[in-house]
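Here are my notes on the model you passed along. Have it open while you read, and go through the points in order.

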Amino acid sequence: SANAMWGGRFASGPDAIMQAINASIGFDQRLYAQDIAGSRAHAAMLAAQGILSSSDAEAIREGLLTVLSEIETGAFEFRVDQEDIHMAVESRLTQIIGEAGKRLHTGRSRNDQVAVDFRLWVRDQCDAAIAGLTALMRAFVVQAEAGADWIMPGFTHLQTAQPVTWGHHMMAYVEMLARDRSRFEDARRRMNECPLGAAALAGTGFPIDRHMTAAELGFDRPTANSLDSVSDRDFALEFLSAASICAMHLSRFAEELVIWSSAQFRFVRLSDKWTTGSSIMPQKKNPDAAELLRAKIGRILGAQVALLTVMKGLPLTYSKDMQEDKEQVFDAADTLMLGLAAMTGMVSDMQAQVDTLRAAATSGFSTATDLADWLVRELGLPFREAHHVTGTLVAMAERKGCDLPELTMGEMHSVHPGINQSVYSVLGVENSVNSRQSYGGTSPVQVKAQISRWKALLG
Ligand code: ARG
């Protein structure tokens, strides 16, 4: 039979395959609370403007509350022939309250309805991401504070570069996550305009009050152009962009955890809560949560590309293509929240292996730069020459199979006669780390300053 919403023009109902490709109710039912909130605000506004009688508005208000509780208790039956959440809610409302339900859609279209529902949902996800990021930042700060002066190797190219501190490494992630958080805050601020009242695309002839509905739904203002209002999905794309960058950060630390927890590194021990064993190899403790996090990030990056691809070829204004926005954003948001929670758990529970970290920092000629700097400072060598002298000493130590502090004074003199005993004082990792007092550097003094700044900011 023909559709109850637009059956006037149709002699027959849709093909079953048409229903399968067309219906979004299977996934957009997630927007039920936003859809009902939008309808309540719309009905209240229609009544305030004298477009709807106050008794109809009251019936709609109560009916929508009934629908809400039916959905929340699981009593509501979602049917594919109702196509989407907007029609499902409205037709159930009309079943419950009769005639008045049919007046709700006055001065409104599903085009502005879905735009407002989805914006409300994405706005909530920005808030959830901000909260999740804050929790993760706190977990990193706790780790940093515990090990502000634990020494570990710093890497470039995953080759030992210079000694750094555990606290410094942890605080590097706090900086990244802080930028992520501000991207979500920024996106939220920009998306906080209400498209409701744009109607199908051109606005409406009814004397609606868009400022009233915007305020009621917690938006800063109504959107300014009705065509843009129903065809804009920038807000979802900005959410996905912020999510993608954040996800990339999570994936980098996940990768570090996989490396650090390996038998070859042993920099950290992950707790039993975030690892799994092997069914055949009894010794195994695999960092599955970190690996899955690293892999799941692909879904978020994929969602961003998918939605950009959906949008890039669409002429103004609404096209049904845009219905493909939701599953991508839902999945990306779910993946991000799960990833943030899992990472927060892993970071809180991981145990730095302080002795292993320190031992690793003392190998790999990690203080070679300190030696070169000493030659500059004490002997007045130009840095390039100091670099060359030090490189020769490193090669010598490598041949000998020892570290820099184990080279004898005689060996040092064979490379440069001016070197004296005091050189040995800069070859230790403590000295190296403590000397890096430049703002933002790895010395514990600087790291503690970073920590106390963030502790104050995070409350
Ligand atoms: N289910 C649709 C979506 O998600 C709602 C808007 C439909 N509008 C329309 N004119 N067909 O995009």
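Predicted model: local features only at pLDDT ≥ 70, side-chain atom pairs only at ≥ 80, totals over all residues.

1. Residues are numbered from 1 along each chain as its sequence is written, and side-chain values use heavy atoms, with hydrogens and water left out.

2. Another backbone spot to look at is the peptide bond from L316 to T317, which is cis, with omega near 5°. T317 belongs to the loop between α11 (288-312) and α12 (325-349).

3. Now the ligand. Which residues are around it? They are S24, D28, D84, H86, R110, N111, V114, Y318, K320, Q323 and K326, counting a residue if one of its heavy atoms lies within 4 Å. By class, this shell has two nonpolar, four polar and five charged residues; Asp, Glu, Lys and Arg count as charged, Ala, Val, Leu, Ile, Met, Phe, Trp, Tyr, Cys and Pro as nonpolar, and the others, Gly among them, as polar. Helix α6 (residues 110-146) gives the most to the shell, with three residues.

4. Polar contacts (pairs of N or O atoms within 3.5 Å) are worth a click. A ligand nitrogen is 2.7 Å from a side-chain N or O atom of Q323. For N111 the corresponding distance from a ligand nitrogen to a side-chain N or O atom is 2.9 Å, and for S24 it is 3.2 Å. The protein covers 87% of the 340 Å² of accessible area that the ligand has on its own (Shrake-Rupley, 1.4 Å probe).

5. On the record side, UniProt lists residues 8-302 as "domain: Fumarate lyase N-terminal" in an unreviewed entry, and such annotations may be inferred rather than shown by experiment. That stretch is 61% helix and 6% strand, with its end C-alpha atoms 41 Å apart. UniProt also lists residues 365-434 as "domain: Argininosuccinate lyase C-terminal" (unreviewed entry); there the chain is 61% helix and 0% strand, and the end C-alpha atoms are 17 Å apart.

Notes. Polar contact = N/O pair within 3.5 Å; in protein donor to acceptor, adjacent residues only side chain to side chain. Helix = DSSP H or I, 4+ residues; strand = E, 2+ residues; numbered from the N terminus.
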